[in-house]
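Welcome! Here is a short tour for someone meeting this structure for the first time.

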Number of protein chains: 2
Amino acid sequence: MAAASSDSTAAPNAQALSSVLDQLKYNAAGLIPAIAQQYDSGEVLMMAWMNRASIEETLRTQRVCYWSRSRQRFWRKGESSGQTQTLKTLRFDCDLDTILLAVDQQGAACHTGRRDCFFYKVEDDSVIIDRVPLIDPDELYA
Amino acid sequence: MAAASSDSTAAPNAQALSSVLDQLKYNAAGLIPAIAQQYDSGEVLMMAWMNRASIEETLRTQRVCYWSRSRQRFWRKGESSGQTQTLKTLRFDCDLDTILLAVDQQGAACHTGRRDCFFYKVEDDSVIIDRVPLIDPDELYA
């Protein structure tokens, strides 16, 4: 983080959160990618997008809130499915262009009813599905 | 993956890799985000970007190759630092817009010499650094 220190290996003193939020490298739409990882098992559950307001809400409420690009509105994870994400820790990367969320995922993170979204696996010249749903999406969104 | 099945919970038969690569949702610059996770410990190491050619090279060589947005060229991880990433598994998410790489990271994934890039941690209204470098970047890039 060049703004914090000319030597990126030296640990600067703690910086104000609001200042770091100002420095984040949001894209042209004001968004930054956020990876959600189950805090205890280490599973990478999903990747979605946040804007500054959704980061602030997530930190305030400890319930993960993304920005839905398809619906162009806040997406409070689990608001329709009940499959919430409780925030444990929020981190930024060295370039301040990616967020890593340690979360406690209730049930299925994926809209298909699977625990995580990364169920398409490359095997040689094919792509297979190697996860089964925990729950039928028709039940999730009933 | 709507193109594969109208019911996204049903596992289709294996699909051809080339067809899935055609269906990936590359952004306007032809890129897709890729998360690198240490295959055995589960650490999320970094997030970077790939284009179709870098995905194909990574699968062919089993050495992770990104596309550097700042340098506008292939970025064969470790080519200057020696801190390579060997591919174990490559996965796509449900929306085909994110890649998850299970890798074996040699040494430090981060250009600051730290094991991973997510060393800025939010604590209350501050952001602290809670990782120390494994190696001095001056040594890494000497």
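Helices (H or I, at least four residues) and strands (E, at least two) are DSSP runs, numbered from the N terminus. By that count, chain A has 3 helices and 9 strands. This is a predicted model, in which local features need pLDDT of at least 70, side-chain atom pairs count only at pLDDT 80 or more, and totals for chains, interfaces and linings use all residues. Residues are numbered from 1 along each chain as its sequence is written, while chains are lettered from A and ligands numbered from 1 in the order in which they are written.

**Chain A on its own**
- Starting at the N terminus, its elements follow the order β-α-β-β-α-β-β-β-β-β-β-α.
- Along the principal axes, the C-alpha atoms of chain A fill a box of roughly 50 × 40 × 30 Å.
- Of its 142 residues, 37% count as buried (20 or more other C-beta atoms, placed from the backbone, lie within 10 Å of the residue's own).

**How the two copies are related**

**Where the chains meet**
- In chain B, 42 residues are in contact with 42 residues of chain A (C-beta atoms, placed from the backbone, within 7 Å).
- On the side of chain B that touches chain A there are 26 nonpolar, 11 polar and 5 charged residues (Ala, Val, Leu, Ile, Met, Phe, Trp, Tyr, Cys and Pro are nonpolar, Asp, Glu, Lys and Arg charged, the others, Gly among them, polar).
- The copies meet through the same surface, because 100% of the interface residues of chain B are also interface residues in chain A.

**A sheet shared by both chains**
- An open sheet of 7 strands runs β1(B)-β9(A)-β8(A)-β6(B)-β7(B)-β2(B)-β3(B), with mixed pairing (two strands pair if DSSP finds at least two bridges between them).
- Its edge strands, β1 (15-16) and β3 (44-50) of chain B, each pair on one side only.
- Strand β8 (residues 120-123) of chain A runs antiparallel to β6 (residues 85-92) of chain B, joined by 2 bridges, and A:Lys121 stands opposite B:Arg91 in β6(B).
- Strand β9 (residues 126-129) of chain A pairs with β1(B) in the antiparallel sense over 2 bridges, where A:Ser126 has B:Ala16 as its bridge partner.

Terms used:
Contact = placed C-beta atoms within 7 Å. Buried ≥ 20, exposed ≤ 12 C-beta atoms within 10 Å, placed from the backbone.
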